[in-house]
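Student: I would like to go through this fold with you and ask, at each step, what the terms rest on.
Tutor: Then let us look at the structure and begin with a single residue pair.

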Amino acid sequence: MRLITNLKFSREEFEARLRFKTNPVGQITPHLQHLALDLLEMMYNINAIGLAANQVSLSMQLCVLDPAFLYNKKMPIVMFNPCIIEHGEELYDSMEGCLSLPEFGLPIPRFRKIVVKYIGMDGLEHIIKDDNSLLSSCLQHEIDHLNGILMLDRLTEKKEIPFNKGD
Ligand SMILES: [Zn+2]
């Protein structure tokens, strides 16, 4: 699994992989469970608290998260086909970074309250309600990835992204 970042990839390659909506998965097979565990392992290895499948060129609706890892705990969450089914109106600025845009750390407007529906590793549907925590912004960041949206797209002022020109 190779992480896609703007520093390592050309604009064309970057956009082709990260600017598209990923495909929903069907039944949760052992193969999908293995991919999810690989993604989790990679996330922990690079000291991150969230990773979306398309960030490593897997075009499927799968993301892994663990905000508790920031506090040296492990409470992994694996989500297939996650979607926000409800959100409050209120926004706040969440300080975020992105593995695919390693040089940016910026306040991004996010909903305070969200309700997310997803399929877990057990193949069953789950619901997470989150209010005003790191998990809420983390969920919005990863679900955005799966829909082809980057955190910079949420800013009203556009930021120029530098890309690898190759040599
Ligand atoms: Zn990201």
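Student: Which residue in β6 is the bridge partner of I84?
Tutor: In this predicted model, the partner of I84 in β6 is V116.

Student: What makes β3 and β6 a strand pair?
Tutor: DSSP has to find at least two bridges between two strands for them to pair, and β3 and β6 have five bridges, in the antiparallel sense, so by the criterion of at least two bridges they pair.

Student: Why are β1 and β7 said to stand at the edges?
Tutor: The open sheet consists of five strands in the order β1-β2-β3-β6-β7, with antiparallel pairing. Because β1 and β7 (125-131) each have a single partner strand, one side of each is left without a neighbour in the sheet. From one strand to the next, the twist averages 40°.

Student: Where does α2 lie relative to the strands?
Tutor: α2 lies across β1, β2 and β3, and runs at about 40° to β2.

Student: What makes L39 stand out in the largest nonpolar core?
Tutor: This core has 28 residues, and L39, C63 and V64 are those that touch the most other members. Elements giving two or more residues to this core include α2 (30-45), β2 (62-65) and β3 (77-87). Leaving aside residues up to four places away in sequence, L39 touches L51, A53, L62 and V64, and each of these counts as a contact because the C-beta atoms of the two residues lie within 7 Å.

Terms used:
Residues numbered from 1 in each chain as written. Predicted model: local features only at pLDDT ≥ 70, side-chain atom pairs only at ≥ 80, totals over all residues. Core = buried A, V, L, I, M, F, W, Y, C linked by C-beta atoms within 7 Å. Buried ≥ 20, exposed ≤ 12 C-beta atoms within 10 Å, placed from the backbone. Helix = DSSP H or I, 4+ residues; strand = E, 2+ residues; numbered from the N terminus. Axes fitted to C-alpha atoms, helices over the stretch in contact; angles between N-to-C directions.
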